[in-house]
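Good morning, and thank you for joining this group meeting. I would like to take you through one model, beginning with a loop and moving on to the helices. Please look at the display as I speak.

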Amino acid sequence: MLTVWGRATSSNVQAVMWTIGELGLAHVRHDLGHVHGGLDTPEYKAMNPNGLVPTVRDGDGAPMWESAAIVRYLAAKYGDETFWPRDPDARVRLDMWAEWIKTTFGPHFGGQVFWPLIGRPLAGGPEALAEAIEALKPLARMLDARIGAGPYLAGEHLSFADMIVGVQLYRYYTLDFDRARTPALDAYYARLCARPAYREHAMVSYDSLRIAP
Ligand SMILES: N[C@@H](CCC(=O)N[C@@H](CS)C(=O)NCC(=O)O)C(=O)O
């Protein structure tokens with residue numbers, strides 16, 4: 001039995017929960033963070049010194065944090081060969097995109113587009129937001145080129161890397177802003193939206209995160 005601490009509205013929790021859903025793993029999740037609080041207690045800090053979500057324990061195992069590391073753990077332990085290729089050469093072709101979305105696309109989209117659009121303006125105001133939206137376009141085109149005909153990052157079968165990459169797309173596609181033309185990425189997102197586990201765990205409203213002006 002997996003225990004997950006973290007609110008359903010956190011995209012990092014969503015990556016973990018979507019993985020759990022795709023792999024059909026028994027779990028219990030406790031809402032923590034944002035309006036639920038609970039991250040500053042000594043008990044929680046002892047599990048996750050960052051005071052952030054998600055944190056996961058697998059049975060009596062030691063607590064784990066960092067969502068992408070948790071996704072990789074679950075994939076390696078419970079996923080089949082297609083979900084977690086054992087061959088390092090095959091795996092790195094996927095993992096580099098998982099790293100890229102966490103370190104390149106994600107911080108730019110999250111910090112400079114998503115949060116400003118839901119009420120946390122950039123220091124540079126609307127001009128800075130317009131620049132950030134423009135700067136996101138080449139990144140979206142890169143991902144579009146990588147996805148190609150797909151259907152998934154690894155081709156025919158869903159893999160751990162889709163969990164880390166695809167989870168970002170619900171917010172990307174549901175916010176109202178000027179996106180790059182990315183037909184392959186659009187089709188990939190449509191395929192994810194057809195998956196019950198993605199709908200349940202990744203397509204979670206962010207209305208409660210909106211900051212009133
Ligand atoms: N790199 C970490 C980031 C964790 C993180 O920033 N979590 C956010 C939610 S997405 C958080 O805990 N925010 C404080 C809160 O929810 O109160 C990961 O991927 O797990």
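Let us start with Glu 66, which lies in the loop between β4 and α3. Helices here (H or I, at least four residues) and strands (E, at least two) are DSSP runs, numbered from the N terminus. The model is a predicted one: local features need pLDDT of at least 70, side-chain atom pairs count only at pLDDT 80 or more, and totals for chains, interfaces and linings use all residues. Residues are numbered from 1 along each chain as its sequence is written, and side-chain values use heavy atoms, with hydrogens and water left out.

The phi angle of Glu 66 is near 80 degrees, a positive value in a residue other than glycine. Is Glu 66 buried or exposed, or does it fall in between? Its relative accessibility is 46%, so Glu 66 counts as partly exposed. By the rule used here, buried means under 20% relative accessible area, exposed over 50%, and partly exposed in between (1.4 Å probe, protein chains only). His 34 also has a positive phi without being glycine, in this case near 50 degrees. His 34 sits in the loop between β2 (27–30) and α2, and with 41% relative accessibility it counts as partly exposed.

I turn next to helix α3. This helix has 12 residues, and it reaches 16 Å from its first C-alpha to its last, close to the 16 Å expected at 1.5 Å a residue. The expected span is 1.5 Å times one less than the number of residues in the helix. Among the buried residues of α3 are Ile 70, Val 71, Arg 72 and Leu 74. Their cover includes β1 (2–5), α1 (11–23), β3, β4 (64–65), α4 and α6, where contact means heavy atoms within 4.5 Å.

Which charged pairs involve this helix? A salt bridge is a side-chain nitrogen of Lys or Arg within 4 Å of a carboxyl oxygen of Asp or Glu, and a search of the whole structure finds 8 of them. In one, Lys 77 pairs with Asp 58, with the closest N and O atoms 3.2 Å apart. This pair links distant parts of the chain, as Lys 77 is in helix α3 (residues 67–78) and Asp 58 in strand β3 (residues 55–58), 19 residues apart. Lys 77 counts as partly exposed, at 49% relative accessibility, whereas Asp 58 counts as buried, at 12%.

Another salt bridge joins Asp 95 to Arg 72, the closest N and O atoms being 2.7 Å apart. Asp 95 belongs to helix α4 (residues 88–117) and Arg 72 to helix α3, so the pair ties together parts that are 23 residues apart in sequence. Arg 72 also forms a salt bridge with Glu 99, at 3.1 Å between the closest N and O atoms. Through these shared partners, Arg 72, Asp 95 and Glu 99 are joined into one network.

Rings of Phe, Tyr and Trp (its six-membered ring) pair if their centres lie within 6.5 Å; planes under 30 degrees apart count as stacked, over 60 as edge-to-face and the rest as tilted. The count by this rule is 16 aromatic pairs. For Trp 97 and Trp 100, the ring centres are 5.0 Å apart and the planes are at 65 degrees, so the pair is edge-to-face. Both lie in helix α4, 3 residues apart, about one turn of the helix. Trp 100 also pairs with Phe 105 in a tilted arrangement, 5.9 Å centre to centre and with 45 degrees between the planes. Trp 100 and Phe 105 are both buried.

Helix α5 (residues 125–147) has 23 residues and reaches 33 Å from its first C-alpha to its last, close to the 33 Å expected at 1.5 Å a residue. Its buried residues include Leu 129, Ile 133 and Leu 136, and what covers them includes α4, α6 (160–166), α7 (169–174) and α8 (183–193). Just after α5, Gly 148 takes a positive phi of about 50 degrees.

I close with two peptide bonds. The bond from Gly 150 to Pro 151 is cis, with omega near 0 degrees, and Pro 151 is found in the loop between α5 and α6. A cis peptide bond also joins Val 53 and Pro 54, with omega about 5 degrees.
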